[in-house]
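Subject: Structure handover

Hello,

Here is the structure I said I would pass on. My notes follow below it.

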Amino acid sequence: MEYGNIEREIHVEATPEVVYEVISTPEHLREWWPDEAELEPVPGATGVISFGDRTTPEAKVVALTVMEADPPRRFSFRWVYGEGEDATSANSLLVTFELVPSGAGTLLRFTEAGFREKGWEAAVLEEQYRDHVSGWDYFLPRLVTYVARLVSTP
């Protein structure tokens with residue numbers, strides 16, 4: 001098995017402008033991905049996302065740095081890097097959402113890259129890669145469902 005990039009293509013029944021808002025703003029992100037999100041969708045901005053109740057030790061709080069914000073075409077960020085570090089290609093994973101108009105909707109091209117570059121030992125690399133694959137396989141369909149609810153609401 002190759003633990004390089006995770007790549008997905010999904011069709012979303014909404015315009016790229018709507019999908020861009022859903023993938024880049026905290027109030028929409030919370031509806032399909034993390035439990036909490038604090039970020040400004042501008043290049044260089046740093047923020048955090050969290051999974052679980054932040055008042056408990058089980059919560060997972062992850063820093064991220066916005067790399068690219070080009071509405072309504074591309075949004076990317078780096079995450080999974082050490083506390084107090086600046087995100088670089090050697091110490092973080094890069095998530096990119098590319099939005100392409102497709103009929104009345106949007107083709108969302110999702111990529112998460114940088115697994116090999118992190119320098120993890122083989123067992124950790126395999127575990128992290130599998131965790132991220134299963135995570136995105138769970139969360140990306142939630143994005144589609146959320147957008148469908150959003151655009152059908154008067």
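In what order do the seven strands form the open sheet? The order is E1-E7-E6-E5-E4-E3-E2, with antiparallel pairing. The edge strands, each pairing on one side only, are E1 (6–12) and E2 (36–38). From one strand to the next the twist averages 20°. Helices (H or I, at least four residues) and strands (E, at least two) are DSSP runs, numbered from the N terminus; two strands pair if DSSP finds at least two bridges between them.

Please keep in mind that this is a predicted model: local features need pLDDT of at least 70 and side-chain atom pairs count only at pLDDT 80 or more, while totals for chains, interfaces and linings use all residues. Residues are numbered from 1 along each chain as its sequence is written, and side-chain values use heavy atoms, with hydrogens and water left out.

Sheet and helices

E6 and E7 are joined by nine bridges in the antiparallel sense. Valine 95 has glutamate 112 of E7 as its bridge partner. Helix H1 (residues 16–24) packs on the sheet and touches E1, E4 (60–70), E5, E6 and E7, where contact means heavy atoms within 4.5 Å. The direction of H1 makes about 160° with that of E6; axes are lines fitted to C-alpha atoms, for helices over the stretch in contact, and angles run from 0 to 180 degrees between N-to-C directions. H3 also packs on the sheet, touching E1, E3 (46–51), E5, E6 and E7, and its direction makes about 10° with that of E1.

Lysine 118

Lysine 118 sits in the loop between E7 (105–113) and H3 (122–152). Is lysine 118 buried or exposed? Lysine 118 is buried, that is, under 20% relative accessible area, with exposed over 50% and partly exposed in between (1.4 Å probe, protein chains only). Lysine 118 has no salt bridge (a side-chain nitrogen of Lys or Arg within 4 Å of a carboxyl oxygen of Asp or Glu). The nearest side chain of opposite charge, glutamate 85, is 6.5 Å away; Lys and Arg count as positive and Asp and Glu as negative, with His and the chain ends not counted.

Regards
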